Amino acid sequence: GGGANDLAREVGEVLGAEPVVTTATDAVGLPGLDTLGLPVEGDVAAVSRALLDGEAVALRAEVTWPLPPLP
């Protein structure tokens, strides 16, 4: 999952077009949960909204894995 906006930018460069990226997390430079390279489930939109609003969130998993730093 993830990467569609990066692909749109690459295609835009090839075509000489400006892609319109409307993903709120991308617009402010936050990583989307789908770009962490791990399966995600649950209310992803609500977690993204909380991150955008500066709220603390907790991510739970059955296994431990390294996460990239989140602002």
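**A walk through the predicted chain**

L51 is found in helix α3, which spans residues 44-52; helices here are DSSP runs of H or I with at least four residues, strands are runs of E with at least two, and both are numbered from the N terminus. Residues are numbered from 1 along each chain as its sequence is written. The model is predicted, so local features need pLDDT of at least 70 and side-chain atom pairs count only at pLDDT 80 or more, while totals for chains, interfaces and linings use all residues; side-chain values use heavy atoms, with hydrogens and water left out.

The confidence of the prediction comes next. pLDDT is the predictor's confidence in each residue, on a scale from 0 to 100. For the protein chain its mean is 82, and 87% of the residues reach 70 or more. Among the elements, helix α1 (residues 4-15) has the highest mean pLDDT, 91, and helix α2 (residues 24-28) the lowest, 83. Where pLDDT is low, the predicted coordinates should not be read in detail.

Back to L51. L51 counts as buried because its relative accessibility is 18%; buried means under 20% relative accessible area, exposed over 50%, and partly exposed in between, with a 1.4 Å probe and protein chains only. Leaving aside residues up to four places away in sequence, L51 touches L30 and V57, where contact means heavy atoms within 4.5 Å. L51 and T25 are 26 residues apart in sequence, and their C-alpha atoms lie 8.5 Å apart in space.

The structure holds 2 salt bridges, each defined as a side-chain nitrogen of Lys or Arg within 4 Å of a carboxyl oxygen of Asp or Glu. Side chains of opposite charge can pair when their charged atoms come close. R9 and D6 are separated by about one helical turn, because they are 3 residues apart in helix α1. R9 is partly exposed at 34% relative accessible area, and D6 is partly exposed at 47%. D53 and R49 also meet in a salt bridge, at 2.9 Å from N to O. D53 has a relative accessible area of 44% and is partly exposed; R49, at 45%, is partly exposed.

Helix α1 is also the place of V11. At 39% relative accessibility, V11 counts as partly exposed. Together with L7, V14 and L15, V11 makes a nonpolar surface patch of about 420 Å². Patches are made of residues with over 30% relative accessible area and no salt bridge; like charges are joined within 9 Å, and nonpolar side chains (Val, Leu, Ile, Met, Phe, Trp, Tyr) within 5 Å. Accessible areas come from the Shrake-Rupley method with a 1.4 Å probe, and for residues only the protein chains shown count as cover.
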